[in-house]
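Please read this briefing alongside the sequence and the 3D view.

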Amino acid sequence: MSETGNRLRKLLESPNFDPQTYVKQLSQQSDGDRDLQEHRQKIQNLADETAQNLKKNVYKNYRQFIETAKEISYLESEMYQLSHILTEQKSIMESITQSLLSTDKDETSKEMQAAFPKETEELKQRTLTSLLEKVEGAKNIMDTPGRHLVYNGDLVEFDVDNMSPIQKVHAFLMNDCLLIATWLPNRRGTVKYKYNALYDLESFAVVNVKDNPPMKDMFKILMFPDSRIFQAENSKVKKEWLEILDETKKNKASKDKHKKEEEVPMSPVRAEVSTNPFDIDDDEPVDSENIVDLSLEWIQELPEDLDVCIAQRDFEGAVDLLDKLNEYLKDQPVTPKVKELRAKVDERVRQLTEVLVFELSPDRSLRGGPKATRRAVSQLIRLGQSTKACELFLNNRAAAVQTAIRQLRIEGATLLYIHKLCNIFFTSLLETAKEFEMDFAGNTGCYSAFVVWSRSAITMFVDAFSKQVFDSKESLSTAAECVKVAKEHCQQLTEIGLDLTFTLQSLLVKDIRAVLQSYKDIIIEATKHRNSEEMWRRMNLMTPEALAKLKEEMRSCGISFQQYTGDDCWVNLSYTVVAFTKQMMSFLEEGLKLYFPELHMVLLESLREIILVAVQHVDYSLRCEQDFEKKSFILQNATFLHDTVLPVVERRFEEGVGKPAKQLQDLRKSTRPVRINPDSTTSLV
């Protein structure tokens, strides 16, 4: 940059630069409009140079930007995994602490009960009775013997979907159930609440809800088929609720376990005491139940273990537990206890299935390709949900492909865009097919669904392809190259046994037929326009270079042109005939690139109509021309069309299609120059 430019740059870059003062001084110092224009040009040059430098810096660091973005993505994933591990460790530490606290509380409770057994039970029952008298519709709750109050307090219920407050409730936690009562707006005497719901402790799970201001101090109760969210008064009350709920559930499970262990040795005694022969049928279910030993520790803890696996997203561990249970109960009789266990497990299976379904939903992140869905798909298949897994997998991949196509920017030449489009689509389709074959190798019934999905995917691709190639009115050569690229990419799918070429052709036939007919009409109109201005004179190309270029063009089309070149730069043919020959041969070559069997007659008839326009013009000119030299020149052009051009068209068409062009052969036979009679008044057809 010149010294003046450097001074101007430093001036504009100075921190104290004032545009108004600068313009005012410049106006005062300039001699006229010319100086201002020159100064404006300097500033513009400086701006252009700055823009170029910025662009160079961007291009220079573009790859670093991409790599940095990838690294950020990887770090984000690792941080998420680290956060998940820390949360898991925290929950384990809390569970250990709670178990130690519950042990101390159990020992204290046992000492109190040993000292005042009767008074403690009676006090708990009296407290529960006095509280339930304030609840409308809760009279029958005390009918269950041994039921007593453990904890109670006010809560606010929130809507699960939009997290808006619904109502104020009062919860009563008893040793075997949880009562939810709503506040009465119009109180009547001592009655303050109204019965809302009663849940058995085994029928629900308690989940802590992470604080997200202003939503805080919340916990969720999961029960089939719904869930409810409650908010405590503060974090201390919330912690008490979670601890006491967990402790009460464990106490009830432990008590039920002890009862079952005590019942096991008593059953055979009852069976031996019975001497009534008619009691045999009644004793058989008892014997069957004794055979199925459900007192094993891992079976007793199975529902809770499944809840933990689902919460920690350990899908493989959850399915392993289910497989272990199914293997254990495979040959066992179906007793009431087994049915009860099955009901609890089925609820966890439903929850696990919902989580896996959500993992495969298009709402989740679509990054990672088909392999990212393998984990959820494999576990759904193990759960016997192969049909659902297939449907969700294909929907996920369809959304991923559609998103990739939408994110593809339309810039530059159409052919460049089509290369990118084909690369993205067919690569995704190939990866999806390979992943599908790997995931559903043992489920051959799902393959038909994949074929149907492939057809719908190729339809989506053709919509984007046609919108860019055919709707934008691209040239015939561009359209032909684009179709050729799509064919080549589609052919790659045959390496995995998937041939969608016929589907691609059938979807493109309509647009290709329209573009062939459109360009046929354009060529015919251009030929008629040149024919109207035809003077039947030899071409003069003026320079040897132009003549050499024309010879090369004709040679590339397969036409022998040497005999029609004269001295210097003259060509013994009409400009109209030469232009028609080049245009028709170009149309033929591009048409062969677009060729499908369904388009055979369309391409053939288009060529026939184009040739017929030139032949009729030559015939008409021969009949109308009176000058002998011009008539000889016209006859020479007719011979060139008949003996040189038409045979090349027939041969090239047969090579590209694999079938002889009978219509073109018949047209050539009917247009022999020797048949042209100058005195005739009938045009050739």
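The notes below describe selected contacts in this model.

This is a predicted model, in which local features need pLDDT of at least 70, side-chain atom pairs count only at pLDDT 80 or more, and totals for chains, interfaces and linings use all residues. Residues are numbered from 1 along each chain as its sequence is written, and side-chain values use heavy atoms, with hydrogens and water left out.

**Helix packing**

- Helix α18 (residues 575–593) and helix α20 (residues 628–657) pack at about 5 degrees, with their axes 11 Å apart.
- That angle makes α18 roughly parallel to α20 (angles under 35 degrees count as roughly parallel).
- Residues in the contact (heavy atoms within 4.5 Å) include F580 and M584 of α18 and F640 and V648 of α20.

**Aromatic rings**

- The structure holds 19 aromatic pairs (rings of Phe, Tyr and Trp, the last by its six-membered ring, with centres within 6.5 Å).
- The rings of Y199 and F204 are edge-to-face, with centres 6.4 Å apart and planes at 70 degrees (edge-to-face means planes over 60 degrees apart).
- Y199 and F204 are buried (under 20% relative accessible area, 1.4 Å probe, protein chains only).
- F425 and F426 also form an edge-to-face pair, 5.0 Å centre to centre and with 80 degrees between the planes.
- F425 is buried at a relative accessible area of 1%, and F426 is buried at 1%.
- Ring pairs join F393, F436, F440, Y447, F450 and W453 in a cluster.

**Charges over rings**

- The charged end of K168 sits over the ring of W183, 4.4 Å from its centre (NZ of Lys or CZ of Arg within 6 Å of the ring centre and within 35 degrees of the ring normal).
- The charged end of K324 sits over the ring of W298, 4.4 Å from its centre.

How values were computed:
Axes fitted to C-alpha atoms, helices over the stretch in contact; angles between N-to-C directions. Helix = DSSP H or I, 4+ residues; strand = E, 2+ residues; numbered from the N terminus. Parallel < 35°, antiparallel > 145°, perpendicular 65-115°, else oblique. Phe/Tyr/Trp six-rings, centres within 6.5 Å; stacked < 30°, edge-to-face > 60°. Buried < 20%, exposed > 50% of the residue type's maximum accessible area, 1.4 Å probe, protein only.
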